Amino acid sequence: MRAARSPYTRTKRFNQSTRLWQGKDHVFSLLSEEEHLARRARMAAGCSGKENLSLESSIDVHIEERIALIRSNNVGFGKPFGDVKADRDLNDYLEAEETGLAVLLQWPTPPAKVMGLSEKGLVSFGRMFATARELVHDRLKRDTSGKSDMFAPSFATRGGGIISDAEARNLTYMQAVIKEGMRVHPPVTTTIGKRVPDRGDTVVINGKLVFLPGGVNDSQATLAVQHNKRVFGEDVADFRQERWLLEKDERKLAEMNRANELNFGYGRYQCLGKSIAMMEIGKTVFEVG
Ligand code: HEM
């Protein structure tokens with residue numbers, strides 16, 4: 001359904017309602033498959049360590065900041081949020097996540113725009129994006145020479161004391177812990193539906209042929225995928241990293257890995273930031289651990 005040449009498409013209801021500006025698309029809101037593919041191809045360079053040679057070193061800088069933040073309860077905007085000390089969501093960021101996503105997922109597009117996703121919206125989800133946009137605009141005003149990041153890939157590097165991605169990926173036990181963490185607590189459980197093609201489709205579910213009518217949305221139930229007893233065994237509810245290390249059956253292990261990777265979606269819609277995310281998680285878990 002999400003494979004390269006699949007006739008399934010994105011949905012107006014979900015993807016387009018994530019637009020931040022009227023009539024202006026970002027990579028996730030684009031409905032035209034052609035435009036989406038072209039935009040992905042352009043962005044992939046910035047997200048890849050092959051073309052963006054300074055990707056890892058720039059991530060290290062942020063990891064160092066994050067580790068310092070974790071150790072100091074401080075933040076990267078020059079002053080602490082103060083949430084931990086006050087034991088309150090002082091800047092409404094947690095509230096923004098909760099209400100913003102609820103508005104996005106449950107409301108039809110027009111009210112969702114007014115309520116949540118507009119930068120001047122009534123809930124702070126949109127305002128959170130406004131802050132992010134200001135930071136990006138500020139970054140674009142500054143000189144890019146000698147500085148490298150996702151906006152300006154260059155050969156400039158800055159090594160830190162942070163573990164390298166290659167080393168982190170070789171730490172088999174730690175990677176098993178990370179996979180298990182993403183299995184037990186999948187980071188994205190939103191139902192990012194795809195539209196069944198107009199002619200409908202017949203699929204096999206539990207050995208039975210099932211007809212899906214054209215125009216309906218199918219979604220991936222991520223939590224159910226990561227807790228599928230047929231794939232992971234009877235002890236799915238347990239956090240047991242050894243399941244990734246002790247499985248002798250290679251086909252079974254491959255099936256478990258495929259299911260776990262679905263956390264990032266699949267095929268032409270797969271998360272563009274997958275390697276960045278896995279790099280960041282590996283480095284952070286190692287440095288904090
Ligand atoms: C553990 C962390 C992450 C998880 C689990 C995750 C998961 C996902 C999922 C499920 C999708 C949607 C797939 C679909 O439409 O069917 C997605 C899309 C996307 N993700 Fe991530 N993501 C993560 C981190 C990141 C990071 C760090 C970045 C950027 C650096 C990123 C950038 C994107 C982009 C740009 C898309 C849209 C791709 C497209 O429109 O074709 N993600 N992600």
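By definition, a residue is buried if 20 or more other C-beta atoms lie within 10 Å of its own, exposed if 12 or fewer, and partly exposed in between, with C-beta atoms placed from the backbone. Please note that this is a predicted model, in which local features need pLDDT of at least 70 and side-chain atom pairs count only at pLDDT 80 or more, while totals for chains, interfaces and linings use all residues. Residues are numbered from 1 along each chain as its sequence is written.

Asn206 lies in the loop between β3 (201-205) and β4 (208-212); helices (H or I, at least four residues) and strands (E, at least two) are DSSP runs, numbered from the N terminus. Although Asn206 is not a glycine, its phi is positive, about 50°.

Asp87 is likewise not a glycine, yet has a positive phi of about 55°. Its place is the loop between α3 (83-86) and α4 (93-106). Asp87 counts as exposed because it has 8 C-beta neighbours inside 10 Å.

I turn now to the ligand. How many residues surround it? There are 16, and Gly265, Tyr269, Cys271, Gly273 and Ala277 are the closest; a residue is near a molecule if its C-beta atom, placed from the backbone, lies within 6 Å of it. Both α1 (33-47) and α13 (274-288) supply at least two residues of this shell.
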